[in-house]
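Me: I would like to go through a model and ask what stands behind each label. Please set the values against the cut-offs.

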Amino acid sequence: MASETMWFWLVHLLLQVFTVRGKVPAIIVFGDSSVDSGNNNHVSTVLKSNFAPYGRDFYDGKPTGRFSNGRIPTDFISEAFGNKPIVPAYLDPTYDIKDFATGVCFASAGTGYDNATSDVLSVIPLWKELEYYKEYQEKLRGYLGKERANEVLEEALYLISIGTNDFLENYYIFPGRSSQFSVAEYQNFLVQIARNFVSELHHLGARRISLSGLPPMGCLPLERTTNIFFGSECIEEYNNVAKDFNEKLKGMVTDLNKEVAGIKLVLSNPFDILSQIIENPSSFGFEDATKACCGTGLFEMSYMCNKRNPFTCFDANKYVFWDSFHPTERTNQLVADYVVKNCLAQFM
């Protein structure tokens with residue numbers, strides 16, 4: 001009798017697990033290098049990472065185009081929801097619709113909300129990511145049938161991570177936007193683009209959407225390097241811009257949840273957890289949060305972070321950042337765990 005009871009509860013538990021996992025049949029990703037799993041490999045741009053030492057801690061040590069030594073946050077989020085441990089890039093010809101049926105990434109490193117940002121390094125603009133998504137929808141309907149595909153598209157979790165490049169690659173570098181807009185006006189301009197993008201996704205069938213805020217972008221190693229005459233401290237102006245922008249996104253998310261029927265939109269804000277890691281790295285098992293693992297750790301990114309650089313660290317797990325702009329796999333996992341627990345748990 002006791003053994004029968006044990007088996008009953010075991011079966012009941014397994015059914016609960018599979019029911020939870022079935023609630024999110026696919027992870028669909030839009031954004032920039034924080035979530036690009038290899039689309040830039042297939043774009044005519046200098047912003048690539050499909051070479052060593054990128055990916056050295058990925059499966060089989062393979063450089064995939066992810067801007068990290070291993071996996072990125074969306075890979076960990078996919079795994080947390082019971083799906084594949086990686087989200088494949090839509091433009092990668094080694095995958096097809098069978099692979100994309102449970103997860104697909106349209107993100108492009110270097111892009112932003114603003115079309116002018118994507119023009120800087122000739123990467124995929126956000127509007128084009130949406131066009132690829134529409135193309136994907138039709139392929140999915142052809143593969144699963146219209147009714148099942150529409151169910152997957154409605155029940156999928158949509159992850160959007162974008163915006164840092166609009167400021168650090170565009171607004172603060174080139175005079176175009178900064179001569180047109182004050183910082184506050186540019187923030188409002190971007191928030192309106194974000195609102196339109198989310199609204200269009202909803203119109204196309206998306207219901208569960210996570211919009212990521214900006215990280216503490218003034219603490220990226222590259223920005224600290226530019227602040228070398230002030231002790232290489234974080235640039236607080238940039239961090240404050242990120243916080244203000246995140247608050248505006250939060251307001252927009254609240255408004256859309258009230259105004260749009262059926263939408264479940266959350267703001268997944270990595271700012272706090274990344275700030276905690278950067279301010280107290282030893283508490284999280286890191287040794288260095290100011291410099292990156294690759295090269296000197298000050299300015300190397302993309303082609304400057306290559307296997308010929310003699311300064312690259314041996315153990316990336318000791319570092320918060322992999323290159324001067326992007327976190328290590330271990331940091332990515334901590335961020336993903338935080339986001340799943342504090343922002344996405346309602347979808348599980």
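Reply: What follows is a set of questions on the labels, each with its answer.

Me: What kind of model is this, and how are residues numbered?

Reply: This is a predicted model, in which local features need pLDDT of at least 70 and side-chain atom pairs count only at pLDDT 80 or more, while totals for chains, interfaces and linings use all residues. Residues are numbered from 1 along each chain as its sequence is written, and side-chain values use heavy atoms, with hydrogens and water left out.

Me: What is the average pLDDT of the protein?

Reply: The average is 93, and 94% of the residues score at least 70. The scale, the predictor's confidence in each residue, runs from 0 to 100.

Me: Where does pLDDT stay under 50?

Reply: Over residues 1-22, for which the model has four contacts beyond four places in sequence; a contact means heavy atoms within 4.5 Å. Where pLDDT is low, the predicted coordinates should not be read in detail.

Me: Why is strand 3 called largely enclosed?

Reply: Buried means under 20% relative accessible area, exposed over 50%, and partly exposed in between, with a 1.4 Å probe and protein chains only. Five of the five residues of strand 3 (residues 157-161) are buried, so the rest of the structure largely encloses this strand. The cover is on both faces: Leu157, Leu159 and Ser161 are buried on one side, Tyr158 and Ile160 on the other. Strands here are DSSP runs of E with at least two residues, helices are runs of H or I with at least four, and both are numbered from the N terminus.

Me: How do you know which strands pair with strand 3?

Reply: Two strands pair if DSSP finds at least two bridges between them. Strand 1 (residues 27-31) runs parallel to strand 3 and is joined to it by five bridges, with Leu157 as the bridge partner of Ile27. Strand 4 (residues 208-212) is also parallel to strand 3, over four bridges, and Ile160 has Leu211 as its bridge partner there.

Me: What makes helix 2 largely enclosed?

Reply: Six of the eight residues of helix 2 (residues 73-80) are buried, so the helix is largely enclosed by the rest of the structure. The six are Pro73, Thr74, Asp75, Phe76, Ile77 and Ser78. Their cover includes strand 1, strand 3 and helix 13 (329-342). After helix 2 comes Gly82, with a positive phi near 85°.

Me: Why is the contact of Asp75 with Arg66 called a salt bridge?

Reply: The term requires a side-chain nitrogen of Lys or Arg within 4 Å of a carboxyl oxygen of Asp or Glu. For Asp75 and Arg66 the closest N and O atoms are 2.8 Å apart, and both residues are buried. Side chains of opposite charge can pair when their charged atoms come close. The whole structure has nine salt bridges.

Me: How does the salt bridge of Glu79 look by the same test?

Reply: Its partner is Arg71, with the closest N and O atoms 3.1 Å apart. Glu79 has 38% relative accessibility and therefore counts as partly exposed, whereas Arg71, at 10%, counts as buried.

Me: What separates Glu135 and Lys139 along helix 5?

Reply: They are four residues apart in helix 5 (residues 126-144), about one turn of the helix. Glu135, with 38% relative accessible area, is partly exposed, and Lys139 counts as partly exposed at 41%.

Me: Is Asp60 buried or exposed?

Reply: Asp60 has a relative accessible area of 82%, so it is exposed. This residue sits in the loop between strand 1 and helix 2 and has a positive phi of about 65° although it is not a glycine. In the loop between strand 1 and helix 2 there is also Pro53, and the peptide bond from Ala52 to Pro53 is cis, with omega near 5°.

Me: Why does Ser302 count as buried?

Reply: Its relative accessibility is 5%, so Ser302 counts as buried. Ser302 is not a glycine, yet has a positive phi of about 55°.
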